[in-house]
Amino acid sequence: MRFRPADILRRITTTLALLALPLVTGGWTSGPQSTFDTKGPVAKAQLEVFHVTVYVTFAVFFIVAGILAYATIKYKARSDSAEKAPVPDQGHGNPFIELGLIGASIAALVVIAVPTLRAIWYTYDVPEAERANAYEVNARGLQWWFQFEYPHEQIDGSGQLVTGNELVIPAGRPVRINLRTSDVIHSFWVPKLGGKVDMMPNRGNHLWLQADEPGYFWGQCAEFCGESHAVMRFRVIALAADDFAAWLENQKKPARDVVAPAGAKAVLASYDMTPKKRNAPGYTADFDANPLAAWTAMQFPEKDEDAVLVNQGRKLFAEKNCVTCHAVRGHGASGVNAPDLTHFGSRTTLAAGLLENNKPNLHRWIVDPNNVKPGNKMYMGVNGMAGYMTADDKGRMTKAHIQVNDTEARAIVEYLHSLK
Amino acid sequence: MEAALKTAYTAPESAAKTSARPWFFTRPKAKTGLVSWLTTVDHKKIGLLYAITALFFFLVGGVEALMIRVQLAVPNNTFISHQLYNELFTMHATTMIFLAVMPLSAAFFNYMMPLQIGARDVAFPRLNGFAFWVFLAGAIVLNVGWFTRAGAPDSGWFGYAPLTSVAYSNQFSGDSSTDLWVMGLQILGVSSVIGSLNFIVTIINMRAPGLTMMRLPVFTWMTLFTAFLIILSFPAITIALVELMMDRSFGTGFFEVAKGGLPILWQHLFWIFGHPEVYILILPAMGVVSEILPTFSRKPLFGYPIVVFSGAVIGFLGFGVWSHHMFTTGMGTMATAAFSLATMAIAVPTGVKIFNWVGTLWGGQIITRTPMMFALGFIWMFMMGGFSGVMHSAAPADAQQQDSYFVVAHFHYVLIGGSIFALLAGIHYWFPLVFGRMVSEFWGKLSFWVIFVGFNVTFFPMHFLGLNGMPRRTAVYDGNMGWNSANLVASIGAFILAIGIGIYFAVMVYTYFKGKKATGDVWDARTLEWAVPTTPPPEHNFNVTPTVHARDAFWYEKTHAKEIAEEKAKHAKDEDSHGGIHMPSQSWFPLVTATGLLIGGLFFTHHNFQGAIAGGCIMLLGVLGWAFEGPGGYHLHIHKDGTVTGGEGQDEASH
């Protein structure tokens, strides 16, 4: 076989490129939703099966690709005369080679099939031995947010405990999640804890997962569900047993009342509220550095809370008709079309895991929801209730029902953040 | 007796008879110009119409893809709105599948299959024209939404219920974009089924003497399998679409949750169509590659019977794996396990094909012309797509991959690296046959390398994006998810790919007008389509219907030149004994009938039922005219010196 310099050069560049690949892609496997950074048994079992498929397919790939590359190089006609050489042997094939290769492919697939079957049964439901220890919650998908229900945490006079967009679970314990939807198909996916299962209308799906250690996890709707599917996200917070119990106890309480000292005057919060572009990011590096600590800090009332402003906000919350869709238990708000806000101030995110729950973000969401989450029901209306706007039959926004100015928004923000 | 027979055969052509028919029943005769294209029944012209339309929509789909990649190039981008993004990914998929790859395959079926089996046309020439015009009508219905206020369809190419219901898909009450999608796909289904029946009848009945089934070129085999897949799978989606149309237009409750409908039913019906559809897209590509590899290795396809049989097995198993698209819908353990294993099983016949292609190269004399480069690229890329497919078949692993960018990477490796590479190879390979001009090797190879690099730079990082948790169909992502650099690389790759495609088509257009003239068998090919007397082939394809003695029939002709020449001389006058080479007449009615379908369809989507009925009436009038315009047909005569006489409307006395 004769090599020309160009061929050798090409082969060296190819080898270098292949060697450089892991350097480039090294950073591509870690992130808040990485399926490699598993934090529980379900995700681990799924990753193990994935690894088996990788080993088998890579082995077969290197063999077949090696032969393909060898054949291409060895039998390539490298000159005009080689191209015009007498035709090669017109062989039609060899049945024994064919049968051997079929047999080998089947054997390779069996290697994948066995762990696959084992994991299908393991990941389907909480293992028998641990069923008694499993904690049960319901997750409900709606356009475009998640409602989480705790069927075993009953509140006198109000039924089960309900929260939105942040699922708090006990760590080190299997959690069985019943998956429901109120409108279209959604899919529940927390990559570090386990693969996704869809929320299907007229169908009672479930999944199970377990966070081995306390932690803060990113999740996202994984089935296309309409205009704002991309920003239908949520978080899962896994807590040690006593923290979880304390959290539950607080959540079962009605919304917090803040009493203003007599004669006190409201001071508007002084955060910067320059208008943001749509899709403007709502995350900060500080938060991402230790999200669980940030979550913990959110559980306690803010030190600089302005009691007068909180009560103004509470009044505006009713006047602006927020109460028709949102529930704030104990504050006379009992709407069911939108997330329950009874303890909104204790959540780290808003608008379904989209923005960090800080004052400027919340302000932006209240004043200009459609540029944060296009088509959202707070803006467009839901189940016959008008939202901020009404549209005509051509889709043009015609009438404003709800308008919130800057001052009002600051009061409402203060109120919602007081709901710890 | 002979005279009487002759009169019977030639009667329809006599001028007196033709002029006696009312004007709207006379068959059009133009052989050039617009009318010749609008009324054509020639499989080669129809093939070209398919190809041009498909390539136009391929570019439209490509522009849609570029807009998607621009939006995703950086996090929190505001290049396009969520709504437009949803329309773009819906239409990108629908366009690429139904308006680009399928019709481009149909173009090859139309042009090459009759040539490969030594036929003069397909079995039902007018029906063939009708299939094209109906396809065009469907394409218009699908895309007309871009020019309306509601915009294009936006529920995804899979249209999962209940997102397609009136309550969830209409941005406002007059929004008919989903109706356009439903109607467009139904019309396209009509076209596909008609075309497929035509191909099946043609392959079964119109093979040249001696061309037994096991001597068929592999491309023709794949045409046959694809046609069967289409007629067996399209009824499922047609039923689903009719039910959805009823739900949307007349308030039935097949998929309406409030009325007890079952959205999961849609998914089953859709994927019973949708998975065979994957093979409808890839089998023609495999056929093209199975023609190119032997030609440029200068030896027969390795293991021909096994390649054919594995094609059949893929087609058959393809109907038994649909629920692997639904591993996350909560099917339960047993169904998941069954579909998981069935999906692994389908990797075996697919792997067999790859082994046989490698076997074809082995011991050959590999000539790396541009078509061969694309074909080799196909094997590499399809292999990678196949292996990520095996990863999906393991349901527990798929729970993480489903609806993530890993899936996007997988099927683009199969559909671009697979189907598109093979179809681009096919265009290059058959360009000299169809247009009689050679594409420049330098520019051809350049376009291949730019496309190859651009494609991998675009889609290889998506494997990582998916495994790193990035879901599909998301218009925007945050910058703190670890997805930024891979997305930017993918977007840069998309533009490299676009440049490659641009070079490819610029070269093709240049070659069409200015390319080096090529005549005859430029690649030293092996199959019958290269046995045509001239390039481009004449209207009647072959002067003498070929007799086939072996697989790779043209190779046999070349290696047994004397024997074949004697045989051809013997059969040269065969067809003159019954009046000459019989050719079908052109007709307006396929176009009229399809236009009725278009008008009716458009009115129906706007719930204007008077208009829909009017369109239906035009369609019925078209069918009526079609039935009553008479059999048509005319005869051609080939003379010793190769000249052709006779033709539409010329009387028989001319010879």
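This report describes chain A, its two domains, and the contact between chain A and chain B in a predicted model.

## Basis

In this predicted model, local features need pLDDT of at least 70 and side-chain atom pairs count only at pLDDT 80 or more, while totals for chains, interfaces and linings use all residues. Residues are numbered from 1 along each chain as its sequence is written, and chains are lettered from A and ligands numbered from 1 in the order in which they are written.

## Chain A as a whole

Chain A has 12 helices and 16 strands; helices (H or I, at least four residues) and strands (E, at least two) are DSSP runs, numbered from the N terminus. Its C-alpha trace spans about 105 × 50 × 45 Å along the principal axes.

The radius of gyration of chain A is 29 Å, whereas a compact globule of 420 residues would have one near 22 Å. This radius is taken over C-alpha atoms, and the globule rule is 2.2 Å times the number of residues to the power 0.38. Of the 420 residues in chain A, 45% are buried (20 or more other C-beta atoms within 10 Å of the residue's own, with C-beta atoms placed from the backbone).

## Two domains of chain A

The domain assignment, which is automatic or from a database, gives chain A domain 1 (32–72 + 96–252) and domain 2 (285–418). Their C-alpha centres lie 30 Å apart.

In domain 1 of chain A, 23 residues are in contact with 18 residues of domain 2 (contact: C-beta atoms, placed from the backbone, within 7 Å). Strand 10 of chain A gives the most to the domain 1 side, with 4 residues. That side has 10 nonpolar, 9 polar and 4 charged residues. Here Ala, Val, Leu, Ile, Met, Phe, Trp, Tyr, Cys and Pro count as nonpolar, Asp, Glu, Lys and Arg as charged, and the others, Gly among them, as polar.

## Where the chains meet

The contact between the chains takes 89 residues from chain A and 87 residues from chain B. Helix 12 of chain B gives the most to the chain B side, with 15 residues. By class, the side of chain B that touches chain A has 47 nonpolar, 33 polar and 7 charged residues.

## Helix 16 of chain B

Helix 16 of chain B has 27 residues and should span 39 Å at 1.5 Å a residue, which agrees with its end C-alpha atoms being 39 Å apart. The expected span is 1.5 Å times one less than the number of residues. After helix 16 of chain B comes B:Gly469, with a positive phi near 90°.

Notes. Buried ≥ 20, exposed ≤ 12 C-beta atoms within 10 Å, placed from the backbone.
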